[in-house]
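Here are my notes after going through the model you sent. Have it open while you read.

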Amino acid sequence: MAKLSIIVAPDRRLKLKSAPVERVDAAVRRLMDDMLETMYAAPGIGLAAPQVGVTRRIIVVDIARKGEAPAPLRMANPMRLWTSDSSVVYDEGCLSLPEQYSEVRRPDRVRVRYLDHDNATREIEAEGLLATCIQHEMDHLDGVLFVDHISALKRGIILRKLGKAKRTDALAGA
Ligand code: NI
């Protein structure tokens, strides 16, 4: 496995729409494993392929807490089958928007169909944090970031902050 570098916003590559994978083969499986390693190292609870520069519909998620057994989900071509009318608010962050958080409201239950690491079709019904995390990662596949769910004013503040941090890093040679 290999750790990949994570693209930080603002970056136009994070706004692209990702293409479906034809099938989950060895190369896709390797990417899923590399994404998990990258996510655990960050650390984070979800990562989408476009965040590591691959515009394919692949996400990985693991919301297990420290000390709990890992529970990684590897999903290709995830598709929403159903979302609940009831919603929930979480303070969301994103590995592509380091140290930025904002409350986002989303459906609190979701049913998703996807291809697993063996190219088998599976369905999952998720709720709470897992449902939020899966929806957040699926958004990335359509070029949507969590800040696209908040007010333009708040979004502008966060993106300007990140843009400034990037320029400072570039000057420092980081
Ligand atoms: Ni994210």
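This is a predicted model: local features need pLDDT of at least 70, side-chain atom pairs count only at pLDDT 80 or more; totals for chains, interfaces and linings use all residues.

1. Start with the nickel ion. Its protein donors are C94 through SG, plus H136 and H140, each through NE2. They lie 2.1 to 2.2 Å from the metal. Along the chain, the donors follow the spacing C-x41-H-x3-H. C94 sits in the loop between strand 4 (87-92) and strand 5 (102-107), while H140 belongs to helix 2 (residues 128-140). That pair is 46 residues apart and links distant parts of the chain.

2. Are C94 and H140 buried or exposed? Both are buried.

3. I also checked the length of helix 1 (residues 26-41). It has 16 residues, and at 1.5 Å a residue it should span 22 Å.

4. Which residues of helix 1 are buried? They are V28, L31, M32, D34, M35, L36, T38 and M39. As a reminder, an α-helix has 3.6 residues a turn, so residues three or four places apart point the same way. The buried residues of helix 1 pack against strand 1 (46-48), strand 2 (58-61), strand 3 (73-83) and strand 6 (109-115).

5. L81 is in strand 3. With a relative accessibility of 32%, L81 counts as partly exposed, because that class covers values between 20% and 50%.

6. Now the backbone. Most residues other than glycine have a negative phi, and most peptide bonds are trans. The bond from A9 to P10 is cis, with omega near -5 degrees, and P10 lies in the segment before helix 1. A42 and P43 are also joined by a cis peptide bond, with omega about -5 degrees. P43 is in the loop between helix 1 and strand 1.

7. Two residues stand out for phi. N77, in strand 3, has a positive phi near 50 degrees and is not a glycine. E99 is not a glycine either, yet its phi is positive at about 65 degrees. E99 is found in the loop between strand 4 and strand 5, the loop that also holds C94. At 71% relative accessibility, E99 counts as exposed, whereas C94 is buried.

Conventions. Residues are numbered from 1 along each chain as its sequence is written. Side-chain values use heavy atoms; hydrogens and water are left out. Donors are N, O and S atoms within 2.8 Å of the metal (3.2 Å for Na, K and Ca); water is not among the atoms, so sites may look incomplete. Helices (H or I, at least four residues) and strands (E, at least two) are DSSP runs, numbered from the N terminus. Buried means under 20% relative accessible area, exposed over 50%, partly exposed in between (1.4 Å probe, protein chains only). The expected span of a helix is 1.5 Å times one less than its number of residues. Contact means heavy atoms within 4.5 Å.
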